[in-house]
Number of protein chains: 2
Amino acid sequence: MSSKGLISSCSLTPELLEQAYGLGARQCPSPNEQLTLVFSQSRALDLVELEQLLEAVGWSRRPLRRVRRALDHSLLKVSLWRHDSRMPRLVGFARCTGDGIIDATVWDVAIHPLYQGAGLGKHLMDYILEALRDLGTERVTLFADPGVISFYERQGWLLEPGGHRCAFWYTS
Amino acid sequence: MSSKGLISSCSLTPELLEQAYGLGARQCPSPNEQLTLVFSQSRALDLVELEQLLEAVGWSRRPLRRVRRALDHSLLKVSLWRHDSRMPRLVGFARCTGDGIIDATVWDVAIHPLYQGAGLGKHLMDYILEALRDLGTERVTLFADPGVISFYERQGWLLEPGGHRCAFWYTS
């Protein structure tokens, strides 16, 4: 293991990356040699696996039919995979809605608890911000749970700039 | 003028409403007899007129090319018109981004200063919430400027529920 704790042990070829994880896939720095991690924007998601991931970080389950439709109408979906040539495993996720030009909003940011504490959340957010920058998005927003406010603050996100406060409305 | 201050002086026929303002158009309660107001989701917007409206409520201008693309990628655009059979005038606006299923976010809420103080902002938000409910959206979010936080609170919006705080990232 690298003394810095972040190495890419097994380097995948660009061809393999694109073949297994789609256009825009990129390896994520890994905390150990046994682990090869890959970001994807287009690898098909097993919705049950996704909901298990979101449940593992403490969110309640949602009807899969609604999740599918919400994903279909999202601007960007980023999944983080533990690479395996036969059966990659979903270990992280986030998605964005928005017009992609003036605004985008990040939702459902999750790193599986077994993979937390190794900086993967920061790598995930960096990947997302770069993808949104490539789209030409001016401003990215998110709603941070109390437990992760300092996580975002450390990365340079502005909390309630100009005194903005978030307001929620539940339709049901 | 009605003692309650909110009447629909001139009632437009459903045919005329749809013809001039598109599917889903609806009359908005008006503060006086001389004023007929209509909500539209599809009447074509003159971008210069839209930016003049947003500038009148204090926002800085944005490149029209980017505004056009942002509108094209918005989930819902609601415009409020002062009805005139020849030349309706844009007096209010708001748009939403989102997946429309789990989340939607409201942006660019504006009522022209000459038409403020008559409850039109509340009618505009009611119209938007109903349209989002019709789409099946669960949760609606927005970022409120300090000056309008109490406006949203009075209407029943929840401020920072569960201790959520908004975070912004500017890509440039």
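This is a predicted model: local features need pLDDT of at least 70, side-chain atom pairs count only at pLDDT 80 or more; totals for chains, interfaces and linings use all residues.
A residue counts as buried when its relative accessible area is under 20%. B:Tyr170, at 42%, is partly exposed. The ring centres of B:Phe168 and B:Tyr170 lie 6.4 Å apart. Their planes meet at 35°, so the pair is classed as tilted. Both residues belong to one aromatic cluster, together with B:Trp107, B:Phe143, A:Trp107, A:Phe143, A:Phe168 and A:Tyr170.

Over all chains, the structure contains 15 aromatic pairs. One of them joins A:Tyr152 to A:Trp157 in an edge-to-face arrangement. Here the centres are 5.8 Å apart and the planes stand at 75°. A:Tyr152 is buried, at 6% relative accessibility. A:Trp157 is also buried, at 3%.

In chain B, strand E3 spans residues 76–82. Five of its seven residues are buried, so the strand is largely enclosed by the rest of the structure. E3(B) runs antiparallel to strand E2 (residues 37–40) of chain B, and four bridges join the two. Within this pairing, B:Phe39 stands opposite B:Leu80 of E3(B). E3(B) is also antiparallel to strand E4 (residues 89–98) of chain B, through seven bridges. B:Trp81 faces B:Leu90 of E4(B) across that pairing. E3(B) and E4(B) form a hairpin, with six residues between them.

B:Arg43 lies over the face of its ring, 4.8 Å from the ring centre. In chain A, the charged end of A:Arg43 sits over the ring of A:Trp81, at 4.8 Å from its centre.

How values were computed
Residues are numbered from 1 along each chain as its sequence is written. Chains are lettered from A and ligands numbered from 1 in the order in which they are written. Side-chain values use heavy atoms; hydrogens and water are left out. Buried means under 20% relative accessible area, exposed over 50%, partly exposed in between (1.4 Å probe, protein chains only). Two strands pair if DSSP finds at least two bridges between them. Rings of Phe, Tyr and Trp (its six-membered ring) pair if their centres lie within 6.5 Å; planes under 30 degrees apart count as stacked, over 60 as edge-to-face and the rest as tilted. A charge sits over a ring if NZ of Lys or CZ of Arg is within 6 Å of the ring centre and within 35 degrees of the ring normal.
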